[in-house]
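Reader: I would like to learn how to read side-chain contacts in a model like this one. Could you take me through some cases?

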Amino acid sequence: MGKAIVAIVGRPNVGKSTLFNRIIKKRRAVIEDFPGVTRDRLYGEATWEGKSFLVVDTGGFQHEADGEFAGEVKKQLLIAVEEAYIVLLLLDGESGLLPLDTELIAELRKYGKRVFYAVNKIDGPNKEKKLLNDFYSLGVDIFPVSALSGHGFEELMEAMSPLLTTGEEEKSEYPRIATVGRPNVGKSTLVNSLLGKERMIVSSTPGTTRDAVDSVCSYYKKKYIIIDTAGIRRKGKMAQTVERYSFMRTLRNVEDCDIALIVLDASEGVVELDQKIAGAVIAAKKGAVIIYNKWDLVNKDSLSIDDVKEQIYEKLWFMRHVPILTISALSKQRMTKVFSLIDKIIAESSKRITTHNLNTFMRKVLSMQEPPMYRSRRVKIYYITQVKTAPPGFTIFTNQKDGITEQYKRFLEKQLREHFKFEGAPIEIYVRQRKQRDIDKKRN
């Protein structure tokens, strides 16, 4: 039996995201005082009394005529209910039982799931007496809670506890793949195409995805965790708090991922913001693939693929080691090649070079170009060794640590890539200072 899934559902702005964050003990869901912030399903791992389970935060249930995304949000919410083992219906104690709550309860009854009814914004016994009368008419057990203060939270979790999965679960070893890029470049369409099912809300309106959403994807019996992140906007366009949270979380997802799929819009080319996003991936030392999406919209009579790739590398000159894949996520053109590139980069990142081969390589490099003089002294490199993988890390031992400049380290990285590839994988170079007599002693 896998982990139990608990889906939190309810009207907009009843406190679902606040409760989600309390259960997983992290601030992952975007919380705001206006409705409709959470549109997609957001997954998180949680534990209670040694039992591990998954929690799903869903978009607010509303009438389809109430907004552009209402129908899609409802669809995603019901998919989450279908996947769930436990449904946690959150109601608003301050606004009372509304017709929309009754409509949602009727929808839930069609699925035959175990439903727990929690009334939020009840922060003490006095409010319980005053605000719960409406809800007793439902004829079910009611759990008064305050998602914000934690009042009644333990009682709710104790009631659900017997239905949660018991036993130890192995930590997922699946590679984490984050899709990053500007709004409306096709990240959610790309994720849906990779998954082979409709998982994300897709719209031509920029900024549809505000939360990062995780999905498990299978391809030829291999599994990957695909993260659809919020589109990164220019800072001037992130005045609203919700945009700022999404931007911060996107950067955190870059930090947490193994490989970033940097999605570009082929119909617009590489713009300044694309350069900044790519720079964030490089700064985080992550493996990467450049996804040139909407390739079907490009006039291919005047430009070859090689010409296009060179244009991209001119703008992203710091990513010449990263492969470029031209695709159309909408028509699924060349989509399966994404997985083969991911596998290749994982293998490249895990590659280990023997110390003997590295020092043979180092002698050739030094014959081409030695480090510049430092304080009128010659800078020597005694030897190099690989100290880690994923990402590959190399330590060079020298007599003048400060004499190894960033420019020379970039030169070394370029030579390492020419000799040993490491396509799409970051390389880290560390410098340690040793005296010649210590090196000779170690060799002897």
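Author: Gladly. Ring pairs link Tyr219, Tyr220, Tyr224 and Phe339 into a cluster. Rings of Phe, Tyr and Trp (its six-membered ring) pair if their centres lie within 6.5 Å; planes under 30 degrees apart count as stacked, over 60 as edge-to-face and the rest as tilted. This is a predicted model, where local features need pLDDT of at least 70 and side-chain atom pairs count only at pLDDT 80 or more, while totals for chains, interfaces and linings use all residues. Residues are numbered from 1 along each chain as its sequence is written, and side-chain values use heavy atoms, with hydrogens and water left out.

Reader: How many aromatic pairs does the structure hold, and how are the rings of Tyr219 and Phe339 arranged?

Author: In general, a pair of aromatic rings is described by the distance of the centres and the angle of the planes. The structure holds eleven aromatic pairs. For Tyr219 and Phe339, the centres are 4.5 Å apart and the planes are at 10°, so this pair is stacked. It links distant parts of the chain, with Tyr219 in strand S8 (residues 213–219) and Phe339 in helix H11 (residues 337–349), 120 residues apart. Helices (H or I, at least four residues) and strands (E, at least two) are DSSP runs, numbered from the N terminus.

Reader: Is Phe339 buried or exposed?

Author: Buried means under 20% relative accessible area, exposed over 50%, and partly exposed in between (1.4 Å probe, protein chains only). Phe339 is buried, at 4% relative accessibility, and Tyr219 is partly exposed at 24%.

Reader: What do the rings of Phe394 and Phe422 look like as a pair?

Author: Their centres are 5.8 Å apart and their planes at 75°, so the pair is edge-to-face. Phe394 belongs to strand S14 (residues 393–398) and Phe422 to the loop between helix H13 (406–420) and S15, 28 residues apart. Phe394 is buried, with a relative accessible area of 0%, and Phe422 is buried, also with 0%.

Reader: Which charged end sits over the ring of Phe422?

Author: A charge sits over a ring if NZ of Lys or CZ of Arg is within 6 Å of the ring centre and within 35 degrees of the ring normal. Over Phe422 it is the charged end of Lys351, 4.8 Å from the ring centre. Another case is Arg22, whose charged end sits over the ring of Phe153, 6.0 Å from its centre.

Reader: Let us turn to charged pairs. How many salt bridges does the structure hold?

Author: A salt bridge is a side-chain nitrogen of Lys or Arg within 4 Å of a carboxyl oxygen of Asp or Glu. The structure holds 16 of them. One joins Arg320 to Glu310, with the closest N and O atoms 2.7 Å apart. Arg320 lies in the loop between helix H10 (305–315) and strand S12 (324–326) and Glu310 in helix H10, so the pair ties together parts that are ten residues apart in sequence. Arg320 is partly exposed at 44%, and Glu310 is partly exposed at 33%.

Reader: Where in the chain are Glu428 and Lys388?

Author: Glu428 forms a salt bridge with Lys388, the closest N and O atoms being 3.0 Å apart. Glu428 is in strand S15 (residues 428–433) and Lys388 in strand S13 (residues 381–388), 40 residues apart. Glu428 is buried at 15%, whereas Lys388 is partly exposed at 25%.

Reader: Which residues are linked in a network of salt bridges?

Author: Arg182, Glu268 and Asp274 are linked in this way.
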